[in-house]
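I wanted to walk through this model with a notebook open and jot down what I looked up. Here are my entries, in the order I made them.

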Amino acid sequence: MKPRTEYQKRVVAVNGSLRNLANKHFVEVYNRACTHIAFQNKGNTLICGDCGEVIEQPKISIAGLVRCPHCSKKLKPLDSKKWSTREVYYIMAIDQSKGLQILRYYLLYTYFRKHQPVRLLPLEIFRVYINECGQRAVCSKLRTMFSAYRDQWNMNSDIELRQPNMAWRYTPYDVRAWAHIRTRKFTKECKRAGLDVNDTLFPDAETICKILQDNRYETIWKAGMHEMAFRLEPKEMTALWPALKICMRNGYNPNNVKDYIDYVKQLIQLEKDIHNAHYVCPADLDAEHRRTNASVQKILDRKRFLEEQKRMKEAESAYAKRILPFLNFYMKNKNFHISVLPTVKAFYEEGQAMHHCVYSNRYYERKDTLVLSCRDNDDKRVATIELGLPKCDIRQVRAACNKIPEQYDSIVRLITRQKKELRKLSAAMV
Ligand SMILES: [Zn+2]
């Protein structure tokens, strides 16, 4: 992609001038953070994957590791009798050049082969550039065709400026590195924003941008709310900011941040005062969250109930008009009788009593359907019947919980006997 804006031109200039990292950095990362393995060997011996020497009479620790007497690495013995194996890690180097903060991502391949020392192959695949204002640009290798996984890169391509055309978290660049290179260089803006933290706390590219763009993020980051800075979306920040200020004043740092954001949003929905520490710094977040959840649910249920009633009212008149010819129609034998469901409310009652979807799937709105209810002599519901119009063929006969009723055959017989009458009535429908 050709650089168009000033910023892109600046990024491309820096991209061309970056130097490769020395191999010693990757050796250090490998020794510190990657898995070291041992091959199974004949007899009671292992072979060190790191230096390739044979380990006689290995002592396995409680953690399942073995110390190599030759290179003194802690090794994990393989389960299988493989001769070679390979691991891949995303490694990040934090670099800076000409005022741009750069996150350089490498794929570190570690190749093990019996009786041979380990071989490391680091390949740089992309760089994320962030300027003073938190603006982001990416230079990367190409993706392979039809890449289904994040780490499918075309290794022969160059690291060039690319334009990610989707939300950051869906791009292949939103990667959490397995480990960081020890030597880290920060721009003065990043240092001032407090980004110079240890590996486990180091923010991802998205969070760094948020911190540099919005000083409220910088404030919560410096107050130690790292997880909050990571989770909180910029559009949620404005709503939650008063609550966060109270949290910082009271030294309150919720451990379940996702729940906490939900909780404060619900407080806002319930029109509670989020400037009040009583609400925003609960001692038992779980219990309070459950309580607000119940209140919000109540409001939603009420809203849904009113909507449902409105819909029922609207549907009622249309349905009454449609089934007018059937209203007085009635079939019976000595055990039960069948009649049309007369109102939409009757659909609701039928659905509730029989635990099926005759109401929820809005059968009363279907023009090609006639729904009847079969009841015994005590007026207890036996089955719900769906007929197809205009032929009046039987589509479904269902007892409670969508089961097949015991009286299935006699119901079918009764309806078949009355089919002529049914057809005549259905012809009169509008
Ligand atoms: Zn060794």
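The entries below go from domains to sheets, helices and cores.

**Entry 1: domains.** I kept in mind that this is a predicted model. I looked up the domain assignment first, and it gives domain 1 (6-180), domain 2 (222-315) and domain 3 (323-427). I then checked how far apart domain 1 and domain 3 sit: their C-alpha centres are separated by 68 Å.

Entry 2: I traced an open sheet of 6 strands and read its order as 10-9-8-7-6-11, with mixed pairing. At its edges I found strand 10 (160-162) and strand 11 (179-180), each of which pairs on one side only. Next I followed strand 6 (residues 84-97) against strand 7 (residues 100-113), and I counted 14 bridges in the antiparallel sense. One pair I noted there is isoleucine 91 with tyrosine 106 of strand 7 as its bridge partner.

I also wanted to know which helices sit on these strands. Helix 2 (residues 23-33) packs on the sheet and touches strand 6, strand 7, strand 8 and strand 11. The direction of helix 2 makes about 105 degrees with that of strand 8. Helix 1 (residues 6-17) lies across strand 6, strand 7, strand 8 (116-130), strand 9 (136-140) and strand 10. Relative to strand 9, helix 1 runs at about 40 degrees.

**Entry 3: helix 5.** Which residues of helix 5 (residues 215-222) are buried? I found Tyr217, Ile220 and Trp221. They lie on the same side of helix 5, because they cover an arc of only 105 degrees around the axis. I looked up their surroundings too: the buried residues of helix 5 pack against helix 4 (205-213), helix 6 (226-231) and helix 7 (234-249). After helix 5 comes glycine 224, with a positive phi near 90 degrees.

**Entry 4: cores.** I searched for nonpolar cores, and the largest has 50 residues. Val128, Ile130, Ile211 and Ala229 have the most contacts inside it. Strand 7 gives the most to this core, with 6 residues.

I zoomed in on isoleucine 130 and, leaving out residues up to four places away in sequence, listed its contacts: Leu100, Gln101, Arg136, Ala205, Ile208, Cys209 and Leu212.

Entry 5: I moved on to an open sheet of 5 strands, ordered 12-13-14-15-16 with antiparallel pairing. Strand 12 (331-332) and strand 16 are at the edges with a single partner strand each, so one side of each has no neighbour in the sheet. Helix 12 (residues 408-417) packs on this sheet, touching strand 12, strand 13 (336-340), strand 14, strand 15 and strand 16. The direction of helix 12 makes about 150 degrees with that of strand 16.

Entry 6: Strand 14 (residues 369-376) pairs with strand 15 (residues 381-388) over 7 bridges, in the antiparallel sense. Leucine 372 has isoleucine 385 as its bridge partner, and threonine 369 has glycine 388. These strands form a hairpin with 4 residues between them, and aspartate 379 in the turn has a positive phi of about 65 degrees.

Strand 15 and strand 16 (residues 393-398) run antiparallel and are joined by 5 bridges. I found glycine 388 again here, with aspartate 393 as its bridge partner in strand 16. Strand 15 and strand 16 also form a hairpin with 4 residues between them, where cysteine 392 in the turn has a positive phi of about 60 degrees.

Methods
Residues are numbered from 1 along each chain as its sequence is written. This is a predicted model: local features need pLDDT of at least 70, side-chain atom pairs count only at pLDDT 80 or more; totals for chains, interfaces and linings use all residues. Two strands pair if DSSP finds at least two bridges between them. Helices (H or I, at least four residues) and strands (E, at least two) are DSSP runs, numbered from the N terminus. Two residues are in contact if their C-beta atoms, placed from the backbone, lie within 7 Å. Axes are lines fitted to C-alpha atoms, for helices over the stretch in contact, and angles run from 0 to 180 degrees between N-to-C directions. A residue is buried if 20 or more other C-beta atoms lie within 10 Å of its own, exposed if 12 or fewer, and partly exposed in between; C-beta atoms are placed from the backbone. The arc is that of the directions from the helix axis to the C-beta atoms. Domain bounds come from an automatic or database domain assignment. A nonpolar core is a set of buried Ala, Val, Leu, Ile, Met, Phe, Trp, Tyr and Cys residues joined through C-beta atoms within 7 Å.
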